[in-house]
Amino acid sequence: MRGQAKLTDSLFLVFSTFISVVIFYMIMSGAVSDMVALISLQSSEVVVRDIASFITVTGGAPDEIKIFYTPSDTFTYDLTVTNRTVNIIRLKDGQEVDRSTIFGYQFPSYGSYGKSAVDPEASFTNVNTFTISKFTQDQHYIYSIQGLRD
Amino acid sequence: MKSKGIALTPSSTMVQLIMIGVIVLLFVLFYTHYIDVHTIAQEAGVENDAINLAQVIIGNQRLISSDLSDLNDPFAHRFRAVLDKSKLDSILTKGSVDQSNFLSTPSALPELGYPNSYGYTVIVDLETNEVWSTTISGPLTSSPFDFATLKNCLLNNVKIDFSYIFRIPSLSPWEIWDLQKCSIEFASRTGTSIKGFPVAIKDSTGNVHIGRLTVGLMEW
């Protein structure tokens, strides 16, 4: 009798484990995906690519354009744009969390991280909202980047 | 005591197996998603840059058509992707860039170009078969990188033929194996991408022709 009870218990345990894992995977896979996506979207690698792309696409606008970008409410960023390269340091409570690839010092340069095809220059510390714009002044297009702390 | 030990072993083993299974599952979930995100981010880089560069070119005020010449005029209309033939004639090289001097030809659009990259753009009027082209390059920031050596490597190993891109649009003028050879030589990661976009070309009489803009980009 004891042996039969153990077998039933074991079968129940295996079955319930299987069901639990399936349900856990169904529920958690979406949550994990969202969480990883959120972490990735706020990482310095992704933010630097976003900002570099935004800078470049402002050059594609035939007229004036202004782009507002807030990558995170939790983290802040140090941004440097010089010589068409963009570098980002992600901060949490003023402490560095991670940083993007630094051109010119780290080799290989990993493709296109932090590259813009046009020429604004900017430097900001501890900001989390960026405004990237192009406007006309004295018959020339001017590219501008502003950083703010929300 | 012995029988008790035997009775407890299967269930405790099962619990341990379940815990291992859950840990493995969590690890697999995190690891696969992490790998996916990073792989996509790295692979799409040059492709995205080529697309963005083409978008910048077809929106560049030096090339596109407008109904007024004053840039500050708020009523001026600038037409994105409608290129002005007279501007193409005056700014870009008529015909294809000389292949033998491709890497030495300065860019007609120096205000555009990604750092540590080399590329070209070719614009074809598909109705008259006129061709305009220029090289595109940005500033060099990789300090250990010797651009002159790369040029020599490419010139010695790559056959550049602009006509390929018109016969077979997906074929790169930079042959991949040769590029890889140079990449290995420089111990760097390079990538190439070629993108084509439809454009309109407006001549001085106001006629608009169908055209094609092709951007080739190599980054390291």
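Which residues touch the most other members of the largest nonpolar core? Keep that in mind as you look at this predicted model. The core has 51 residues, and the ones touching the most other members are A:Ile51, B:Ala50, B:Leu53, B:Ala54, B:Ile57, B:Leu112 and B:Ile123.

Before getting into the details, a word on confidence. The predictor gives the complex an ipTM of 0.71, alongside a pTM of 0.72. Chain B averages a pLDDT of 73, with 59% of its residues scoring at least 70. Among the elements of chain B, helix H5 (residues 163–167) has the lowest mean pLDDT, at 44, while helix H3 (residues 85–91) has the highest, at 93. Where pLDDT is low, the predicted coordinates should not be read in detail.

Now to chain A. Walk along its sequence and you go through α-α-β-β-β-β-β-β-β, which comes to two helices and seven strands. Of the 150 residues in this chain, 32% are buried. Look at contacts with a separation of 6 or more in chain A, and 62% of them are between residues 24 or more positions apart.

The helix to find is H2 of chain A, residues 44–58. From first C-alpha to last, its 15 residues reach 21 Å, close to the 21 Å expected at 1.5 Å a residue. H2(A) is also mostly covered, with 14 of its 15 residues buried. And what does H2(A) lie across? It lies across E2, E3 and E4 of chain A, and runs at about 140° to E3(A).

Those three strands belong to an open sheet of four strands in chain A, with the order E4-E3-E2-E5 and antiparallel pairing. At its edges are strand E4 (95–99) and E5, each pairing on one side only. From one strand to the next, the twist averages 20°. Inside the sheet, strand E2 (residues 76–82) and strand E3 (residues 85–92) of chain A pair over seven bridges in the antiparallel sense. If you want a spot to check by eye, A:Thr80 stands opposite A:Asn87 in E3(A).

While you are at this sheet, stop at strand E5 (residues 122–127) of chain A, where A:Asn126 is found. A:Asn126 is not a glycine, yet it has a positive phi of about 55°. This asparagine, A:Asn126, counts as partly exposed because it has 13 C-beta neighbours inside 10 Å.

The other sheet to look at in chain A is an open one of three strands, in the order E1-E6-E7, again with antiparallel pairing. Strand E1 (65–69) and strand E7 (140–148) each have a single partner strand, so one side of each is left without a neighbour in the sheet. The twist here averages 15° from one strand to the next. Strand E6 (residues 129–137) and E7(A) pair over nine bridges, in the antiparallel sense. Here the pair to look for is A:Gln137, which stands opposite A:His140 in E7(A).

Over in chain B, start with helix H2 (residues 45–57). Its 13 residues reach 18 Å from the first C-alpha to the last, close to the 18 Å expected at 1.5 Å a residue. Is H2(B) enclosed or open? Eleven of its 13 residues are buried, so H2(B) is largely enclosed by the rest of the structure. Take B:Ala50 as an example: leaving aside neighbours within four places in sequence, it is in contact with B:Ser193, B:Ile194, B:Lys195, B:Val215 and B:Leu217.

One last stop in chain B is strand E2 (residues 78–84), which holds B:Ala81. B:Ala81 is not a glycine, but it has a positive phi of about 70°. With 19 other C-beta atoms within 10 Å, B:Ala81 is partly exposed.

Conventions. Residues numbered from 1 in each chain as written. Chains lettered and ligands numbered in written order. Predicted model: local features only at pLDDT ≥ 70, side-chain atom pairs only at ≥ 80, totals over all residues. Buried ≥ 20, exposed ≤ 12 C-beta atoms within 10 Å, placed from the backbone. Contact = placed C-beta atoms within 7 Å. Expected span 1.5 Å × (residues − 1). pLDDT = per-residue confidence, 0-100. Pairing = 2+ DSSP bridges. Axes fitted to C-alpha atoms, helices over the stretch in contact; angles between N-to-C directions. Core = buried A, V, L, I, M, F, W, Y, C linked by C-beta atoms within 7 Å.
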